Amino acid sequence: MGLAALTCVLTVMWLSSYHFYTSLGLDRDQVDGPLVRYTYLRVRWPGDGSFLLGGSSVVQPPSNRPVEPFDLGGTFFQPPRRPTPRSAWNHWGFWWIDEPRNEDGAGNGWTFWVGIPSWIAPLMMGIGATLLLRKSPR
């Protein structure tokens, strides 16, 4: 039953992924001397019909917000934050972003995202749920 529910959630996210930005994940702040490393890991639907998994990390002076060692982060059904396509693959919903993130030119962070068209996730879950239901005893 759990796979069927997850398939339904992923289907709703797929249908909304062309118009809204949704993000769910973890945030981690770690004090490193006078600087703070801000790291976040996310599952994202940026509003372009894709499903992204990845995150980013940067070391910089502390911001005005308190340092939180662990925090759940989420944004739901906001205006799209579409990444700029760099190839035909990106227009089709496939992404591979692996680059240093340097706010001050020092190369003190990273950004990594891998993405697929958002319709693939519910399709694969649905296939998995169907195969498991066929194998289960009745």
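Is Trp 45 buried or exposed, and what is its relative accessible area? In this predicted model, Trp 45 has a relative accessible area of 9% and is therefore buried, the cut-off for that class being under 20%. Phe 51 is likewise assigned to the buried class, because its relative accessibility is 18%.

The rings of these two residues, Trp 45 and Phe 51, form an aromatic pair. A pair of aromatic rings is described by the distance of the centres and the angle of the planes. For Trp 45 and Phe 51, the centre-to-centre distance is 5.2 Å and the planes make an angle of 55 degrees, an arrangement classed as tilted. The count of aromatic pairs in the model comes to 5.

Another pair is formed by Trp 96 and Phe 112, whose ring centres are 5.1 Å apart; the planes stand at 90 degrees, so the geometry is edge-to-face. Trp 96 belongs to strand β5 (residues 95-100) and Phe 112 to strand β6 (residues 109-117), and the pair therefore ties together parts that lie 16 residues apart in sequence. Trp 96 is exposed, with a relative accessibility of 60%, whereas Phe 112, at 27%, is partly exposed. One aromatic cluster is made up of Trp 89, Trp 92 and Phe 94.

Strands β5 and β6 also contribute to the largest pocket, each supplying at least two residues of its lining. The volume of this pocket is about 200 Å³. Its lining includes the charged residues Arg 44, Arg 81, Arg 82, Arg 86 and Glu 99, together with Tyr 21, Pro 46, Leu 52, Pro 83, Ile 97, Thr 111 and Trp 113. Two of these lining residues, Tyr 21 and Arg 81, are also related by a charge-over-ring arrangement: the charged end of Arg 81 sits over the ring of Tyr 21, at 4.1 Å from the ring centre.

Helix α1 comprises the 15 residues 2-16. Within α1, the buried residues are Thr 7, Leu 10, Met 13 and Ser 16. The packing partners of these buried residues are the strands β1 (21-32), β2 (35-45) and β4 (71-78), as well as helix α3 (120-135).

Notes: Residues numbered from 1 in each chain as written. Predicted model: local features only at pLDDT ≥ 70, side-chain atom pairs only at ≥ 80, totals over all residues. Heavy atoms only, no water. Helix = DSSP H or I, 4+ residues; strand = E, 2+ residues; numbered from the N terminus. Expected span 1.5 Å × (residues − 1). Buried < 20%, exposed > 50% of the residue type's maximum accessible area, 1.4 Å probe, protein only. Contact = heavy atoms within 4.5 Å. Phe/Tyr/Trp six-rings, centres within 6.5 Å; stacked < 30°, edge-to-face > 60°. Lys NZ or Arg CZ within 6 Å of the ring centre and 35° of its normal. 1 Å grid on protein atoms, 1.4 Å probe; cavity = no way out; pocket = protein on both sides within 12 Å on 5 of 7 lines; lining within 4 Å. Points joined across faces, edges and corners; volume = space filled by probe spheres on them.
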